Amino acid sequence: MGPLYKFGWFDFAYSLQLAALIGFFFGFVLERAGFGNPRKLTAIFYLRDFAVLKVMFTAIVVCILGLLYFSIFGWIDLSRVHILPTYIWPQIVGGLLLGVGFLIGGYCPTTSVVATASGKLDGVIFTLGMVFGSLIFALVFPLIQGFYSSGHMGAVRLPDILKINSGIIAFLVCLMAVGAFWMAEKTEKKFGNKETLPVGSANIKRTGATLLILLGLILAVINPDRPVFSKSSVPVISTEETEQVEPSVPKAGAPSPNQFKIVDDEGC
Amino acid sequence: MNERYTNPYLIGVILGLILLFSFYTMGRGVGSSASFSRIAAAGVKLVAPDQAKANIYFAKYMRGGKSPLLAWLVFLTLGAALGGLFSAFIANRIKGEVARGPSIGVSARLWLALAGGVLSGFAARLARGCTSGQALTGASELAFGSWIFMLCVFAGAYATAYFFRKEWL
């Protein structure tokens with residue numbers, strides 16, 4: 001049962017080799033998609049090429065469905081998956097700034113690595129810039145640490161916020177994805193360059209969209225949040241809460257700068 | 001340059017499976033921006049070890065006397081560089097160049113790349129992740145903050161796009 005690492009299947013040294021392997025495939029597919037090219041990446045913001053949206057949204061939907069189906073089949077214990085905690089204010093401001101940095105620089109962090117590897121000097125400069133930006137962040141951290149830990153809501157998920165089970169959320173995300181893809185294709189036809197856009201058969205697209213909606217619908221009906229599907233003795237939701245909220249207690253309880261500790265902030 | 005890229009939906013499915021594999025084996029998704037922060041920490045540690053230890057943000061990378069570079073995400077980023085290199089190599093896309101639109105000069109593009117990089121590096125630390133560590137990973141977990149983060153990334157870029165159109169179009 002997964003996650004294998006959390007059940008002691010292998011040690012830290014092996015996990016680093018696995019990281020390199022996962023990273024290899026990650027970098028490989030990003031380059032395949034053309035994401036080492038900043039003009040391809042930024043084309044979405046000029047409505048010419050929606051590859052970024054298509055890749056990201058497809059990957060997210062596949063992974064959402066995969067995680068929920070895996071948990072239903074008993075292949076993964078979702079309560080042991082690290083859920084990213086929500087710090088709403090820094091996430092909003094950081095997100096906006098990252099978007100601006102993406103547009104000006106032409107890359108996001110991982111794609112700049114791929115660009116660097118394929119010989120782009122602007123990618124190298126962007127990467128060095130990120131090291132420098134992280135350094136600035138660390139230097140001014142004492143001044144902004146109040147904001148950095150503001151809006152802490154714990155490891156909340158959309159099902160907790162919207163108070164509907166994750167199966168229905170997955171179904172809604174599937175519908176959203178299909179709608180977004182449809183709009184993206186329409187917009188590309190209008191503004192895009194037909195020579196560089198990938199060709200795809202309409203039949204495969206229709207089949208894919210139907211499959212997504214069907215898989216989402218099944219999840220919505222069987223409700224993967226039911227404790228039946230959790231092999232651990234405690235229901236999924238409650239363990240998630242204890243596992244995540246516990247380490248962040250010092251942060252929420254005592255915001256005094258001397259006691260400030262960053263717990264498990266591996267982020268991106 | 002060879003611009004015949006793979007169909008984005010196919011890439012998306014494969015990327016989703018890679019992400020799922022990462023969750024299945026490690027219980028966590030992918031990411032990369034923390035690697036750059038760790039590289040910065042390692043650099044400071046090399047030049048001024050006391051200052052690195054005194055910095056409360058960098059100190060967390062060195063808990064227990066470990067090297068800041070001995071981390072999961074650093075190895076993932078190294079792997080991503082190799083994977084990107086391999087893909088670019090077999091597609092005949094390795095070429096020393098400055099990628100830019102037709103109406104911007106080389107030095108202007110490089111300054112903007114630097115500015116964008118500095119801003120992104122800072123923003124990724126503030127948001128605790130970037131487009132992979134927050135958006136891809138968090139959205140797959142249905143994490144609330146990550147969805148908001150992802151919407152904000154797109155909002156920020158769309159809001160800026162008009163002013164920098166000469167850089168790309």
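Student: In which helix of chain B is confidence lowest, and in which is it highest?
Tutor: The model is predicted, and chain B averages a pLDDT of 93, with 98% of the residues scoring at least 70. Within chain B, the lowest confidence falls in helix α3 (residues 49–54), at a mean of 89. The highest, at 97, belongs to helix α8 (residues 144–161) of chain B.

Student: Which helix gives the largest share of the side of chain A that touches chain B?
Tutor: The contact takes 119 residues from chain A and 116 residues from chain B. On the side of chain A, 19 residues come from one helix, the largest share: helix α6 (residues 121–148) of chain A.

Student: How many residues of the side of chain A that touches chain B are nonpolar?
Tutor: That side also includes 32 polar and eleven charged residues. The nonpolar residues number 76.

Student: At what angle do α3(A) and helix α7 (residues 131–140) of chain B pack?
Tutor: Among the residues making this contact are A:Met56 and A:Ile60 of α3(A) and B:Leu136 and B:Ala139 of α7(B). By class, the contact has nine nonpolar, one polar and no charged residues. The axes lie 8 Å apart, and the angle is about 35°.

Student: Is A:Leu78 buried or exposed?
Tutor: A:Leu78 sits in the loop between α3 (51–72) and β1 (86–87) of chain A. A residue with 20 or more other C-beta atoms within 10 Å of its own is classed as buried. Because A:Leu78 has 25 C-beta neighbours inside 10 Å, the residue counts as buried.

Terms used:
Residues are numbered from 1 along each chain as its sequence is written. Chains are lettered from A and ligands numbered from 1 in the order in which they are written. This is a predicted model: local features need pLDDT of at least 70, side-chain atom pairs count only at pLDDT 80 or more; totals for chains, interfaces and linings use all residues. Two residues are in contact if their C-beta atoms, placed from the backbone, lie within 7 Å. Helices (H or I, at least four residues) and strands (E, at least two) are DSSP runs, numbered from the N terminus. Ala, Val, Leu, Ile, Met, Phe, Trp, Tyr, Cys and Pro count as nonpolar, Asp, Glu, Lys and Arg as charged, and the others, Gly among them, as polar. pLDDT is the predictor's confidence in each residue, from 0 to 100. A residue is buried if 20 or more other C-beta atoms lie within 10 Å of its own, exposed if 12 or fewer, and partly exposed in between; C-beta atoms are placed from the backbone. Axes are lines fitted to C-alpha atoms, for helices over the stretch in contact, and angles run from 0 to 180 degrees between N-to-C directions.
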